[in-house]
Every structure is written in structure tokens, then in C-alpha cells.
Amino acid sequence: MVPPKRYLPDEPFPPYAYVPGKQPHPASAPRDALLVSRDAKALRSGARDQPPPPREFLHGLDLFNHGYYWEAHEAWENLWHEAGRRGPTADALKGLIALAAAGVKAREGNAAGVKHHAERAAALFTKVRDECGGSARPIELSLPALIAHAEALAREPIVDETPTIEGRCVFPFRLTLESG
């Protein structure tokens, strides 16, 4: 199987994909080992409904696509806070956070948790699609594809408790930018 495309190939991955209760919590790791926060200032400057800062957002995509679901959740949560936690960009990021949380639940073997977070992600992505009416793109991802992925996970939750040190994808889909 061909590994997913890396958006930031020079950005290192954490030493392991954290799963609560299965690995040591990465709290002792330097914050910038998981996040790239230098680009978050753009959202603080008042551009709350513009696309998220590229590096941090792209790093979250790389983390998610390589099975680092908790770490992707953390990267996007930082952006969600920077986006003001309201509005289409914040809701789209919150949907990504919920999708990443579904990945953590999949790693825990918690099908009900996968279903719950996938349903929440689908609802948030649908809300963003309906509010924007196709006229705005709060994130550079396909909302119809995100909705379809989340709805599929809600219908048939995927779990995989295989122990892993490095990130390894659990979900059969990858998040890709619409432009690439």
C-alpha cells in the first residue's frame, strides 16, 4: 500500500500515536513537537472565517492521514480556539476534531465512541455546508467528502486495537486538499 501524501514532509511525527490508557501521555513532550503554532497569529488578527493557517492545518492533515489521531485532534483544537470557536471555520475545525476523536475511539476499541464522534462530525460538516451554501470555503477540504466519511463511520464504526508505536491508519479514507 502506498503511504498517504505528506503535506509537510519535513515536519516530524511524534514518536508514537497516543491512545489514552495504552501509552504514556505526551504531556512531557515539547509542545512544538506536536503543533506548529507560529502561523496561528493570522486568525487572531481578525480573519476568523478565512482558511486556517497552512502549516498547522496541514500538519494536522498529515497526522490524521498517518494514524496520529489524538495528535491531529490537538493540532486542530489549537486552530479552533484561534478561530474564535464560532462560525464556519471554527465549526469545520470542530468537525475535524470530532473525526480525529473517532480515530482515538477506534484505537481504544470503542465502537460506540466512534459512532458518537462520527455523528457529531457529520452534523458539523453538514451545518457548515448548509450555512455556506457552497459560496464560501471555510477549509480547503471537500465538505461532501467529509460528510460522506463521517456518515459511513457512524453507520459502520471501525475499531482496531492493534498495538502500535508509530502511527498507523485505522480508517480507510484520507483527508486531501481540494486543490491537491
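R85 is partly exposed, its relative accessible area being 41%, where partly exposed covers the range between buried, under 20% relative accessible area, and exposed, over 50% (1.4 Å probe, protein chains only). The model is a predicted one, in which local features need pLDDT of at least 70 and side-chain atom pairs count only at pLDDT 80 or more, while totals for chains, interfaces and linings use all residues. Residues are numbered from 1 along each chain as its sequence is written, and side-chain values use heavy atoms, with hydrogens and water left out.

**Overall make-up**

- The secondary structure of the chain comes to six helices and zero strands, with helices (H or I, at least four residues) and strands (E, at least two) taken as DSSP runs and numbered from the N terminus.
- Read from the N terminus on, the order of elements is α-α-α-α-α-α.
- Of the 180 residues in the chain, 49% are buried.
- Among contacts (heavy atoms within 4.5 Å) between residues at least 6 apart in sequence, 72% join residues at least 24 apart.

**The loop residue R85**

- R85 belongs to the loop between helix 3 and helix 4, and its phi is near 65 degrees, a positive value in a residue other than glycine.
- As background, most residues other than glycine have a negative phi.

**The largest nonpolar core**

- A nonpolar core is taken here as a set of buried Ala, Val, Leu, Ile, Met, Phe, Trp, Tyr and Cys residues joined through side-chain atoms within 4.5 Å.
- The largest such core has 51 residues, and the members that touch the most others are F57, F64, W76, L96 and L99.
- Two or more residues each come from helix 2 (54-65), helix 3 (69-82), helix 4 (88-108), helix 5 (111-132) and helix 6 (143-155), and helix 4 gives the most, with 11 residues.

- W76 is found in helix 3 and is buried, with a relative accessible area of 0%.
- Not counting residues up to four places away in sequence, W76 touches F57, G60, L61, F64, L93, L96, I97, A100 and L175.
- Between W76 and G95 the C-alpha to C-alpha distance is 9.7 Å, at a separation of 19 residues in sequence.
- F64 is found in helix 2 and is buried too, with a relative accessible area of 1%.
- Once its neighbours within four places in sequence are left aside, F64 is in contact with Y69, A72, W76, L99, A100, F171, F173 and L175.
- F64 and G167 are 103 residues apart in sequence, and their C-alpha atoms are 8.9 Å apart in space.

**Helix packing**

- For what follows, axes are lines fitted to C-alpha atoms, for helices over the stretch in contact, and angles run from 0 to 180 degrees between N-to-C directions.
- Angles under 35 degrees count as roughly parallel, over 145 as roughly antiparallel, 65 to 115 as roughly perpendicular and the rest as oblique.
- A crossing is called left-handed if the near helix is turned anticlockwise from the far one by less than a right angle, and right-handed if clockwise.
- In the class counts, Ala, Val, Leu, Ile, Met, Phe, Trp, Tyr, Cys and Pro are nonpolar, Asp, Glu, Lys and Arg are charged, and the others, Gly among them, are polar.
- Helix 2 and helix 3 pack at about 160 degrees with their axes 8 Å apart, which makes helix 2 roughly antiparallel to helix 3.
- Helix 2 passes helix 3 in a left-handed crossing, where E56, F57, G60, L61, L63 and F64 of helix 2 meet Y69, E71, A72, A75, W76, N78 and L79 of helix 3, a contact with nine nonpolar, two polar and two charged residues.
- Helix 4 and helix 5 have axes 8 Å apart and an angle of about 160 degrees, and helix 4 is thus roughly antiparallel to helix 5.
- The crossing of helix 4 and helix 5 is left-handed, and the residues that meet there include L96 and L99 in helix 4 and L124 and F125 in helix 5, the whole contact having 15 nonpolar, three polar and six charged residues.
- The axes of helix 5 and helix 6 come within 8 Å and cross at roughly 155 degrees, and the two helices are therefore roughly antiparallel to each other.
- Helix 5 and helix 6 form a left-handed crossing, with V114, A118 and F125 of helix 5 and L146, I147 and A150 of helix 6 among the contact residues, which divide into 12 nonpolar, one polar and four charged.
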